[in-house]
Amino acid sequence: MSKIKKERLVNELRIVLRERQKGKCCYCRQPMTAYPRGRMPQGGYRHDGETIEHLQRRRDGGKTTRDNVALACFQCNSDRGAVDWFTYASYRSGELFG
Ligand SMILES: [Zn+2]
């Protein structure tokens, strides 16, 4: 798939997901700020920047499809590490250890 076509698909996916999640992070439920790739136009990151999260990691064979992605804030996305998404979601929402 060409890079441009892929970017367009990802952008469309973002719009669908943003609507489905009402602009909130799939983990901490905080409202996110939408920037391309979760980055500020002048560079750098912000904690509430919107990022695409792969529920099953790409390195584990996860694909960029509607069923496998969700929008997460940059903070949650970068903190998740090796934890599976469901455990992490429970943790962030306070159901575990909370
Ligand atoms: Zn979050």
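**Figure 1. Exposure of V16 on helix α1.** V16 is exposed because 12 other C-beta atoms lie within 10 Å; a residue counts as exposed at 12 or fewer such atoms, as buried at 20 or more, and as partly exposed in between, with C-beta atoms placed from the backbone. V16 belongs to helix α1. The model is predicted: local features need pLDDT of at least 70, side-chain atom pairs count only at pLDDT 80 or more, and totals for chains, interfaces and linings use all residues. Numbering starts from 1 along each chain as its sequence is written.

**Figure 2. Helix α1 and the residue that follows.** Helix α1 covers residues 3-20, and its end C-alpha atoms are 26 Å apart, in agreement with the 26 Å that its 18 residues should span at 1.5 Å a residue. The expected span is 1.5 Å times one less than the number of residues. Just after α1, K22 takes a positive phi of about 55°.

**Figure 3. The largest nonpolar core.** This core has 13 residues, and C25, C26, Y27, L71, A72 and C73 have the most contacts inside it. A nonpolar core is a set of buried Ala, Val, Leu, Ile, Met, Phe, Trp, Tyr and Cys residues joined through C-beta atoms within 7 Å. Two or more residues each come from β2 (69-73), α2 (74-79) and α3 (85-92). Strand β2 gives the largest share, 5 residues.

**Figure 4. Surroundings of L71.** With neighbours within four places in sequence left aside, L71 is in contact with R14, L17, R18, Q21, C25, C26, M32, E50, I52 and E53. Contact requires C-beta atoms, placed from the backbone, within 7 Å.

**Figure 5. The protein chain as a whole.** The chain has 3 helices and 2 strands, in the order α-β-β-α-α along the sequence. Helices (H or I, at least four residues) and strands (E, at least two) are DSSP runs numbered from the N terminus. Of the 98 residues, 21% count as buried. Among contacts with a separation of 6 or more, 48% join residues 24 or more positions apart. The radius of gyration is 13 Å, which agrees with the value near 13 Å for a compact globule of 98 residues; the radius is taken over C-alpha atoms, and the globule rule is 2.2 Å times the number of residues to the power 0.38. Along the principal axes, the C-alpha atoms fill a box of roughly 45 × 30 × 25 Å.

How values were computed
Contact = placed C-beta atoms within 7 Å.
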